[in-house]
Amino acid sequence: MSEPAPLQTVLLCSQCGRTFAHSDMVQIAGNWVCGECKPAYLSRVMASGAVAASPRGWHYGGFWIRFGARMIDGLVLGVPLVIMFALLIPNLLRTQGDPSNPALAAFAALGLSIFLGYFLVLICFVVLMLKYLGATLGKMACGLKVVRADGSSLGWGVSFGRVFMWNIVTSGIPYLNSILMLISGIMAGTDSEKRALHDRVCDTRVLYKQSIA
């Protein structure tokens, strides 16, 4: 006698209410969706940045709240750099008239050194904030915190790795950064745990602080 065929799991589509085989369904933002409903539902999830809940009661920060946190970080942490360049630009304008002027080369080297120094200090500052506070200034303002997959705080390696993945790999490589940032944004908008590219690599989660026990 031939063995009976294994039973195939049947799931209910959260959008149209019809039942489908497990292989014909996809989970988006914690809900099972059929292939026909997937495009429209995916668009709504990305547009709303809805917060997904986990069985542990965690509420994950969606795309838009994290985008807002990035904007706050950019404004706050970028102010010192803008001030420095505002002070240096008048001197640059006075020296650029003569290309052979050694002062121009010296000034350009000084400006590059200041920029690189500021970037290194900024990286160290963000790593320290993630290690000891679990959040950058923008995330703190938005009520978010970064944790490991098990809810524990970040260590030095994970803190640096997360900063490196976002600031150097995802957004720091010319031309490639636009593609990687788009991919990372789509991941954060569609993943059931709202994980962006650097979250997946470093195994971290971005949560609303009030949802952490």
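Before I start, a word on conventions: residues are numbered from 1 along each chain as its sequence is written, and side-chain values use heavy atoms, with hydrogens and water left out. Since the model is predicted, local features need pLDDT of at least 70 and side-chain atom pairs count only at pLDDT 80 or more, whereas totals for chains, interfaces and linings use all residues.

Let me begin with the chain as a whole. The protein chain holds seven helices and six strands, where helices are DSSP runs of H or I with at least four residues, strands are runs of E with at least two, and both are numbered from the N terminus. Read from the N terminus on, the elements run β-β-β-β-α-α-α-α-β-α-α-α-β. Of the 213 residues in the chain, 34% are buried; buried means under 20% relative accessible area, exposed means over 50%, and partly exposed lies in between, with a 1.4 Å probe and protein chains only. Among contacts with a separation of 6 or more, 55% come from residues 24 or more positions apart, a contact being heavy atoms within 4.5 Å.

α5 has 15 residues and reaches 20 Å from its first C-alpha to its last, close to the 21 Å expected at 1.5 Å a residue, the expected span being 1.5 Å times one less than the number of residues. The helix bends by about 30° at Phe-164, and by bend I mean the angle between axes fitted to the seven residues ending there and the seven starting there. Buried residues of α5 include Val-158, Gly-161, Arg-162, Met-165 and Trp-166.

What is the partner of Arg-162 in its salt bridge? Arg-162 pairs with Asp-199, the closest N and O atoms being 2.6 Å apart, and the term covers a side-chain nitrogen of Lys or Arg within 4 Å of a carboxyl oxygen of Asp or Glu. Because Arg-162 lies in helix α5 and Asp-199 in helix α7, the pair ties together parts that are 37 residues apart in sequence. Both Arg-162 and Asp-199 are buried.

Arg-205 counts as buried, at 7% relative accessibility. Through shared partners, salt bridges join Asp-191, Glu-193, Arg-195, Arg-200, Asp-203 and Arg-205 into one network.

Next, the aromatic rings. A search of the whole structure finds six aromatic pairs; rings of Phe, Tyr and Trp (its six-membered ring) pair if their centres lie within 6.5 Å, and planes under 30 degrees apart count as stacked, over 60 as edge-to-face and the rest as tilted. The rings of Phe-63 and Phe-67 have centres 6.2 Å apart and planes at 20°, so the pair is stacked. These two residues both lie in helix α2, four residues apart, about one turn of the helix. Phe-63 is partly exposed at 26%, and Phe-67 is partly exposed at 41%. The rings of Phe-160 and Phe-164 in turn have centres 6.2 Å apart and planes at 25°, so that pair is stacked. Phe-160 and Phe-164 both lie in helix α5, four residues apart. Ring pairs also link Phe-63, Trp-64 and Phe-67 into a cluster.

Trp-166, in α5 and buried, has Arg-70 over its face, at 4.2 Å from the ring centre; a charge sits over a ring if NZ of Lys or CZ of Arg is within 6 Å of the ring centre and within 35 degrees of the ring normal.

Finally, the backbone. Most residues other than glycine have a negative phi. Tyr-175 has a positive phi of about 70° although it is not a glycine; this residue lies in the loop between α5 and α6, and counts as exposed at 76% relative accessibility. Asp-203, likewise not a glycine, has a positive phi of about 55°, is found in the loop between α7 and β6, and is partly exposed at 31%.
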